[in-house]
Amino acid sequence: MAVFTLFIHILMTVPKLIVACLTAMAVSPPTIAAQNDNLAFISDTLGPVHAWRIIPRVLLEKCSIQLPQMAGAMRETYDVWSRKNESLISLIDVTVEKVVPLYASALSISNSDAKTSIDDFTTQLVIENYFGDKRFSGSQVCTDYGVIVSGLSAHGRTAVVRGQLYSIESTLLALERESLHVNMPH
């Protein structure tokens with residue numbers, strides 16, 4: 001029951017934290033103020049999607065250090081999860097790459113720095129949510145690695161992630177159309 005409670009806690013907390021921080025990061029100069037609503041929506045949606053994608057890797061890295069005797073089994077679980085979810089993982093990676101220039105522009109940083117910021121920020125939130133919660137020990141999280149990772153593969157969960165990605169893609173298309181309309185001669 002503790003693992004399920006932890007899993008639900010993480011699924012509910014990570015998106016809220018990511019949304020708050022990415023939305024705050026998305027404050028931009030007035031020249032792109034019209035994009036703020038779309039960028040905020042993308043942040044709201046991308047946060048939990050990106051967290052879903054990196055949770056198994058981040059936990060594997062941390063848990064392999066904490067419980068090295070379980071590293072082989074956790075690596076096998078990670079590999080199975082990665083193969084099972086390969087198409088969704090690829091879609092997430094492609095979508096993140098499409099979003100990076102928006103953040104780079106809004107924050108006046110390079111695409112590389114924007115990508116690193118998104119990855120670092122989400123990684124830190126995953127670590128804080130899984131290993132910073134005093135109700136659960138790090139070794140308990142690591143012992144339950146297989147349960148946590150398999151929970152991410154639940155059909156309903158992957159369907160939600162896929163739907164969120166489609167929403168981001170739709171918003172990106174709307175931004176592209178809006179940009180074309182603004183740049184067209186009248």
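**View 1. Trp52 and Trp81, two buried residues of the predicted model.** Both Trp52 and Trp81 are buried in this predicted model. A search of the whole structure finds two aromatic pairs. In one of them, Trp52 and Trp81 are tilted, with 5.0 Å from centre to centre and 50° between the planes. This pair links distant parts of the chain, since Trp52 lies in helix H2 (residues 36-66) and Trp81 in helix H3 (residues 71-84), 29 residues apart.

**View 2. Tyr78 and Trp81 in helix H3.** Tyr78 and Trp81 form a tilted aromatic pair, at 6.3 Å centre to centre and with 35° between the planes. The two residues are separated by about one helical turn because they are three residues apart in helix H3. Tyr78 is buried, as is Trp81. Together, Trp52, Tyr78 and Trp81 make up one aromatic cluster.

**View 3. Lys62 over the ring of Phe131.** Lys62 lies over the face of Phe131, 5.4 Å from the ring centre.

View 4. Leaving aside residues up to four places away in sequence, Thr123 touches Ile54, Arg57 and Val58.

**View 5. The whole chain, for orientation.** The chain has eight helices and zero strands. Of its 186 residues, 45% count as buried. Among contacts between residues at least 6 apart in sequence, 81% join residues at least 24 apart. The chain exposes about 9500 Å², of which carbon and sulfur atoms supply 61%.

Technical notes:
Residues numbered from 1 in each chain as written. Predicted model: local features only at pLDDT ≥ 70, side-chain atom pairs only at ≥ 80, totals over all residues. Heavy atoms only, no water. Helix = DSSP H or I, 4+ residues; strand = E, 2+ residues; numbered from the N terminus. Buried < 20%, exposed > 50% of the residue type's maximum accessible area, 1.4 Å probe, protein only. Contact = heavy atoms within 4.5 Å. Areas by Shrake-Rupley, 256 points an atom, 1.4 Å probe, with all protein chains shown as cover. Phe/Tyr/Trp six-rings, centres within 6.5 Å; stacked < 30°, edge-to-face > 60°. Lys NZ or Arg CZ within 6 Å of the ring centre and 35° of its normal.
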